[in-house]
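Welcome, and please open your viewer. We will go from stop to stop, selecting one thing at a time and looking at what is there.

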Amino acid sequence: MAQGPSPGIVGVKTIPTNELEPNPHNPRRLFDPEPLKTLKGSIAKVGILVPLTVYWAKSRKTWVILDGQRRWICAQELGIKSVPANEVAEPSIVQNIVTMFQIHKLRADWELMPTALTLEVLMIALQERRDDKLAELTGLDRAVVTRCKKLLSFSKKYQDMMLDPEPEKRAKADFFIELYPVLHDRTVRRMAWFRPDTFTTKMLRRYNEGGLNAVTDFRKIKQHINTAVRAGKQKIITQRLEEFTQESDLPIEHLAIQSASLTSKVREITLLPRNWRRCFATSTRWTSMQKMICGFVLRN
Amino acid sequence: MRQPRARGTAVDAIRIGNWLENFAGYRVQISQLRISRWFGQFENTHQDVAARILDCVEFFREDHLANGYRAVFGRLQGWSKKASQRQERWRFVAFSTHAGENGDRMLHTFRTATGLSATRYDELFIHRSDLLREGLTAEDTVVFVDDFAGTGNQAVTAWNESLGELLPGRPRTYLVLIAAMSSAVQQISAQTPMTVKAFRWFRARDNFFAGECLHFSSAEKAIVLRYCELADNVNPRGYGDCGVLVVFAHRCPNNSLPILHSNRPAFRGLFPR
């Protein structure tokens, strides 16, 4: 990495409150009112004890806050005319993004797509795609990095839908994250009729029209595909999934292939150690048919 | 708001013909039968005020939209079709992008209207999710394209929740619209760095329920409100209480009176969304 991890300090000064701007890379858009109230009370009594960290943005000709946005919000609300600030050199975009990530830990209810796009800029600038390295660099949880990368794998039109200005019409990141394993299933991708964008659009429409109970329904879909594959029923699942995609009123159960489910169970049993097999063969939860098949498999 | 006919003017073939001509091109065909059915939802004594509402509807046909975009775009400073004469980089982005709605459509209309359909301009039309990667600076310009701003809430929320973060270099930002409420423009200007450029501005007098709207009496407004409550009991005065009588060829904004766009069994609008 060419840039240093943080911008160097230039000096301390007092800056008019109304000449400061929040950092555009700050992923923290909402501030909890209660802690803010406490901070405001403290600042009202003793003033700002810890200077803000700011830089002079040359192109925009303005002061930008690198650290201390909550203090600045309080100062504005209290009508404090100027605030103490440590001036640092203007960071590069990469330094700025990394600093913002490090300062503001991602909260679960934040929209993930803007974070994913910010991460994309880092990935391009640093030529770094490894989840663990990106997690280390940004302070993001590794699972969040993985989720962001999944979102970035979708076409631009879907990414745009996750950025829609109307919150109630905005496509949910969770939908795409749950869809991802189905979309990238090797069997599914080999299906002649399958087109990722068409499939995504159909599933999105189905979800919006209530044809899916929850985004986690994609886990059930994936399970049905896996079961069919394990039982060697690729041909049937290919047809069933195509029908499920085309006909929005077909339930998820349409993907369940009974014989595949049974064959899959039997195959699993044949791979189990001998003592486990005995245990399953005597289990009261098994139907007589399953026991009969299981017995047949064990004998052969 | 257009001027309605005088009270008591007959709903005759000429008047109906004017409406049919005026509303031609809506996404759902506006036929004489459809208009009759719409009128049928009003009591006989209220049909005169219903007719006068239809007189007032401002309908933007496709060619009106194109003209509007062309006019607004012509007022943006720093733009030139020639890249060498253009002030730094320009990017055009659809403002709304939810599935099946009009964001991309409006951008397409804008692109065609402004003569930027040629492939050499492709790079100027980008996705919203490309904005951050573009690394735009204060010298560059982003033009967001949409059709209508009723309250300004959507634009402010969009800026606060994502656009601000996607444009860290704070390029000059325009929101180009066909029409906007002046209050919405004020809100957007006050709470975001976006400059709103609208072809048609609606003021307080364009709000059917506002005291400034003198085409209808208080009694008539009360009658209409009753029907609007049937059509939409949550936003009977239109979303954001905008109370406008605006219809675009591709869709009727939800800021318009719900008796125009509602699709509820209790009252079906003439211009279902």
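Start by selecting helix H7 of chain B, residues 153–166. At 1.5 Å a residue, its 14 residues should span 20 Å, and the end C-alpha atoms are 19 Å apart, so the two values agree. The expected span here is 1.5 Å times one less than the number of residues. Helices (H or I, at least four residues) and strands (E, at least two) are DSSP runs, numbered from the N terminus.

A word on what you are viewing: this is a predicted model, in which local features need pLDDT of at least 70 and side-chain atom pairs count only at pLDDT 80 or more, while totals for chains, interfaces and linings use all residues. Residues are numbered from 1 along each chain as its sequence is written, chains are lettered from A and ligands numbered from 1 in the order in which they are written, and side-chain values use heavy atoms, with hydrogens and water left out.

Stay on H7(B) and centre the view on Trp159(B), where there is a kink of about 55°. That bend is the angle between axes fitted to the seven residues ending at a residue and the seven starting there. Trp159(B) is also one of the buried residues of H7(B), which include Ala155(B), Val156(B) and Leu163(B). Buried means under 20% relative accessible area, exposed over 50%, and partly exposed in between (1.4 Å probe, protein chains only).

What covers the buried residues of H7(B)? Select helix H4 (112–126) of chain A, then strand E5 (172–181) and helix H8 (182–191) of chain B; these are among the covering elements.

Now colour chain B by domain: domain 1 is 13–56 + 203–268, and domain 2 is 63–202. These bounds come from an automatic or database domain assignment. The contact between them (heavy atoms within 4.5 Å) takes 12 residues from domain 1 and 16 residues from domain 2 of chain B. About 1200 Å² is buried between the two domains, with carbon and sulfur atoms giving 68%. Buried area is the accessible area (1.4 Å probe) that two parts lose on being put together, summed over both. On the domain 1 side, show Arg203(B), Phe248(B) and His250(B): they lose the most area to domain 2, together 48% of what that side buries.

Next, show the side chains of Asp206(B) and Arg200(B), which meet in a salt bridge at 3.8 Å, N to O. The term means a side-chain nitrogen of Lys or Arg within 4 Å of a carboxyl oxygen of Asp or Glu.

Is Arg205(B) buried or exposed? Arg205(B) counts as exposed because its relative accessibility is 52%. Leaving aside residues up to four places away in sequence, Arg205(B) touches Met1(B), Glu212(B) and Cys213(B).

Bring both chains into view. Their contact takes 27 residues from chain A and 28 residues from chain B, and about 2500 Å² is buried between them. Two salt bridges are found across this interface; to see a salt bridge, select Lys156(A) and Asp130(B), at 3.0 Å, N to O.

Finish in chain A, which has 15 helices and five strands. Find Ala75(A) in helix H2, residues 69–78. Ala75(A) is buried, with a relative accessible area of 0%. Its contacts, not counting residues up to four places away in sequence, are Thr17(A), Ile48(A), Ile80(A) and Val83(A).
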